Amino acid sequence: MLARGLNPHIELTPRDRPFLVVPPHGEWMLAVVSHGALSPWPWTSEQLSDCTIYVAPRAGLADPDACPWRKVAGAADGVTAFATSHDTLYLVSHRDAPRSRVLAVPLAAPDLSRARVVVPAGERAVETVRVVGDRLLVRDLDGGVSRVRHVPLSGGEPADLPMPVDGAILEWTTHPERPEALLLVAGWTDAPRLYRYDYDGQSLQDTGLAPRSPVDFGDVHARTLHAPARDGTLIPLTVIHHKDLELDGDNPAVLTGYGSHGFIDLPEFRPEMLAWYERGGVYAVAHLRGGGTYGREWHEAGRGERKEATITDFIDCAEHLIALGYTRPGRLAAEGASSGGIPTGGALVRRPDLWAAMAMHVPTVNATRNEFSESGPINVPEFGSVTTEEGLRDLLIIDAYLRVHDGVPYPAVLLTTGLRDARVPPWQPAKLAARLQAATASGRPVLLRVEEHSWHGAGSTRDQEQALLADVLAFILHASDGS
């Protein structure tokens, strides 16, 4: 019925997700069709693919077949988020703006060619928008860190809202009756806290509703470096360690990264890592191209035929840590999970000399065969398909298994899997483990850790998570020189 009422000529594919938005106030409603392949990551109304958007009077619900829908934007307009006031539609669009901008059109005459630019394109990646009272809140990504700007609905320059920490907005919500918003904010060394935005005060106030963590991270510091990639691009690199760490090149360090699906490595408070920092360990997160650190532009820069950049970014971040004295190859380990097996596996087979140890959890490591697994087809838009010459070339970039060579001194490697994993089936890490065991000339261990009652990580019990972390850190320390 929705498609018929929108347009008698529109055809929905299995990838399209239509839904109706009826704001609590005003005379208008929206029909939205989110296009594109289904992502393996959870989808919400604030994480849309490119959309087609229609507007119509709410009164049209009385007769859906005769409802006078008017098209506002099509898939080519690059709209990925929206918000409404009583009379205006605000759109986040990446058309002609790789990191997106915010446009406004009147709901009564929504001509996108005459849209008003509310927030112009800039260095930050615009994620989404919300209307709060007489202001528009704009949520940005700035090198993987969440920022918020606010701008009067009547017009004016966007202004930064001071954030309590350099971290992530894990959730935010607004109230249709009150000019306020609630934001759940956390950082690498800051436990989640719930803040209230009151547009009168133009600031965030701690509500006190989130209990404080008993774990004291006062002596742990987090900072963002920018590692130069080999093509000159600066890659954000978050480094977390004890404040008294000496940059003498002799610290055990773990470098992790993901770099696929536009996924954002948001700041995450992990109290269980305190023991690692107290021991003098370094934990670093490489915000690789292929991820979403700078929005769609960053994703596209490490996708398909450009996927080599995801792997070389990871290697370049490792070398940057070494150059700055955080660690050295004999004490450096890499860690990655799921599609994080692409940068870790790629770095393992391209630069085995760079690592003391490699820990890969439920990893994608045999991409040319992944398409034939249960969840393989859903990854075709991201990685490619063996059914085309171009797709096969792209997959060969990220297939670590096919790049293992006999007689190479590989580092110590720990691969993990869950017997019930349907996302990345157990045969993938098992296959790489067997190949490395047969090929390596280093004499260092290559181990496969199998969790019988587990799948792809999500849904693991606390005991399972803690046992895995203990095994991984113990393995890394055992493989590290001087530990």
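Q: Which residues of α10 are buried?
A: Let's take the idea, then the case. Buried means under 20% relative accessible area, with exposed over 50% and partly exposed in between (1.4 Å probe, protein chains only). In α10, the buried residues are Gln464, Leu469, Val472, Leu473, Phe475, Ile476, Leu477 and Ala479. Keep in mind that this is a predicted model, where local features need pLDDT of at least 70, side-chain atom pairs count only at pLDDT 80 or more, and totals for chains, interfaces and linings use all residues. Residues are numbered from 1 along each chain as its sequence is written, and side-chain values use heavy atoms, leaving out hydrogens and water.

Q: What do the buried residues of α10 pack against?
A: Helices (H or I, at least four residues) and strands (E, at least two) are DSSP runs, numbered from the N terminus. The partners of these buried residues include α2 (274-278), β19 (253-257) and β24 (446-451).

Q: Where is His299, and which residues is His299 in contact with?
A: Contact means heavy atoms within 4.5 Å. His299 sits in helix α3 (residues 296-300) and is buried, its relative accessible area being 12%. Setting aside neighbours within four places in sequence, His299 is in contact with His261, Gly262, Gly290, Gly291 and Glu382.

Q: How many bridges pair β9 with β10?
A: Two strands pair if DSSP finds at least two bridges between them. Here 7 bridges pair β9 (residues 125-132) with β10 (residues 135-142) in the antiparallel sense, and Thr128 stands opposite Arg139 in β10. The two strands form a hairpin with 2 residues between them, and Gly133 in the turn has a positive phi of about 60°.
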